[in-house]
Amino acid sequence: MDKVYEILEAITDFFADYPWILIALIAHLTILGTVAYLILLERKVASWVQDRIGPNRVGPFGLLQPIADGMKFIFKEDYRPAGVDKILFTLAPGLMILVVIVSIAVLPWGGDLRVTRAYDVSKQVARGENPREAALNQVPSIATPLPRSDATGHPLNRTREALIENVDIVHNGPQTQALVTYQYSFQIAKLNIGVLFILGVLALAIYGVVLGGWASNNKYSFLGALRATAQMISYEIPMGLCVLVIAVMFGTLDLGEIVDNQAIYWFGWIPAWNCFCQPITFLMFLVCIHAEANRAPFDMAEAEQELVGGYHTEYSSMRFALFFLGEYAGMITTSAVCVALFFGGWHIPWLDKLIPELGGKVDPAHPAIVSSVWVCILRSLVFFGKTLGIIFIFLWTRWSLPRFRFDQLMMIAWRAMIPMSLGLMLVTAVVIYLLGGQRDNMRVGPKMAFALLGANIALLIGSMLLSRVIPAAPQTNRRLQIQGSRFARA
């Protein structure tokens, strides 16, 4: 039994020294488990929309249906047609799921945790070493000392995952202890270009679609891959501009700082979330992530009525399943980014007023910093719950709206969303230029929020009026006269 306690203590100490490894394991296992049950949720939402029951035979309430589906895919024949490119045919589905697994690394799940740990540096002091340096050498590798601070005492440069705030040396007779206070983010990796990293990595998923369509040696699959490429090129532009609007507002691409700046209130009770001051930007970003995930009504790459099955027509068994797992995992990641950009991420509105510890009272200037790991866990659950809300919109949309024609898909992007996103970028920059000098810690105050909301409404009205005078798009689906047809018009 003592041996078991020693092993458990060693494991606990290891995760205490390297908490990002534990966060990475939990985050990846949670998302991959959620991917499996999103398939069940998809079918349940479909049955709700179509007024039927849905899966309810395998396990209580059908909860074991994803396991049954997974076993079916594992034991099905892994068929590979003749004439395919063997390497690329196998590489394509793996690439789809790989890029999504990498992209979740910078999602800010629960803010920053402040930790104070005691390190025994008696031996180092006896050898004549500096106790502070001896303590810093024992601090986890995720923590790095900050050499300088601004006039208010706040660090000027934040490290990749953590920062050291203070080191106190305590002498207790022959024993010397160093109390090191440091903090680390409740995320796998902290990048100051987090949003750009996620968008760049998720854009690589298109290679999985293109390689799958090309390697299949099937004309329908290749047409689906070409459609996905054109769709990605078109909708990456307005999505990037929507992200740029938020970056201009806060002066950063760090998702953690963007969430931190939304964890305040306007007039003491309205959450300072970007969806309230940038509603059109939010709606456009929502449409773009639908298109990027190849979800209905933008699922032109796999239109069954036109392309049999699209880019994955020739796939079977787990290769086929990996394509869909990558699609659902991409939905989770893009929904989490949407929550971080527009819904305050882990911010719990109004509840943090009743329980001040939830609002991060360690540092009033930075609500993300808390001293309790349970608060970080609760914040992570809130973030995950908001993400599931956005995912429900994905599922609801699929079973509510018909698929666009491909020319309509392109028309929406190039004639509507790209000009609109450019206009949003312009009006946001003007508002920030005129009112930005009155901001505190790069946050959006009530005055600026009203100005941004008014600019959104004015841009929407102006676009509706302008659409009445600009030339109409050419009709690509017009009726043609056919000589000798009994359906010809008189």
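This is a predicted model: local features need pLDDT of at least 70, side-chain atom pairs count only at pLDDT 80 or more; totals for chains, interfaces and linings use all residues.
Residues are numbered from 1 along each chain as its sequence is written, and side-chain values use heavy atoms, with hydrogens and water left out.

The protein chain contains 18 helices and six strands, taken as DSSP runs (H or I of at least four residues for helices, E of at least two for strands) and numbered from the N terminus. Of its 490 residues, 47% are buried, where buried denotes under 20% relative accessible area, exposed over 50% and partly exposed the range in between (1.4 Å probe, protein chains only). Contacts were assigned to heavy atoms within 4.5 Å. Among contacts in the protein chain with a separation of 6 or more, 75% join residues 24 or more positions apart.

Helix H7 (residues 194–203) is mostly covered, with seven of its 10 residues buried. These are Gly-194, Val-195, Ile-198, Leu-199, Val-201, Leu-202 and Ala-203. The buried residues of H7 pack against H4, H8, helix H9 (219–250), helix H10 (255–262) and helix H14 (317–342).

The pairing of H7 with H14 was examined through axes fitted to C-alpha atoms, for helices over the stretch in contact, with angles from 0 to 180 degrees between N-to-C directions. The two axes come within 11 Å and cross at roughly 155°. H7 is therefore roughly antiparallel to H14, given that angles over 145 degrees count as roughly antiparallel, under 35 as roughly parallel, 65 to 115 as roughly perpendicular and the rest as oblique. The crossing of H7 and H14 is left-handed, meaning that the near helix is turned anticlockwise from the far one by less than a right angle; clockwise would be right-handed. Val-195, Ile-198 and Leu-202 of H7 make the contact with Thr-333, Thr-334, Val-337 and Leu-341 of H14. By class, this contact of H7 with H14 comprises five nonpolar, two polar and no charged residues; Ala, Val, Leu, Ile, Met, Phe, Trp, Tyr, Cys and Pro count as nonpolar, Asp, Glu, Lys and Arg as charged, and the others, Gly among them, as polar.

H4 (residues 86–103) and H8 (residues 205–215) form a further pair, with axes that come within 8 Å and cross at roughly 160°. This angle makes H4 roughly antiparallel to H8, and the crossing is left-handed. From H4, the residues Leu-88, Phe-89, Leu-91, Ala-92, Leu-95, Met-96 and Val-99 meet Ala-205, Tyr-207, Gly-208, Val-209, Leu-211, Gly-212, Trp-214 and Ala-215 of H8. The contact of H4 with H8 has 13 nonpolar, two polar and no charged residues.

Within helix H9 lies Ser-221, which is buried at 0% relative accessibility. Beyond its neighbours within four places in sequence, Ser-221 contacts Gly-213, Ser-216, Gly-310, Tyr-311, Thr-313 and Glu-314.

With a disulfide defined as a pair of cysteine sulfur atoms within 2.5 Å, the count is zero. The sulfur of Cys-277 is too far for a bond, because the closest cysteine sulfur, in Cys-275, is 8.0 Å away. Cys-277 is buried, with a relative accessible area of 0%. Cys-338 is likewise in no disulfide, the nearest cysteine sulfur, that of Cys-275, being 8.8 Å away. Cys-338 counts as buried at 0% relative accessibility.
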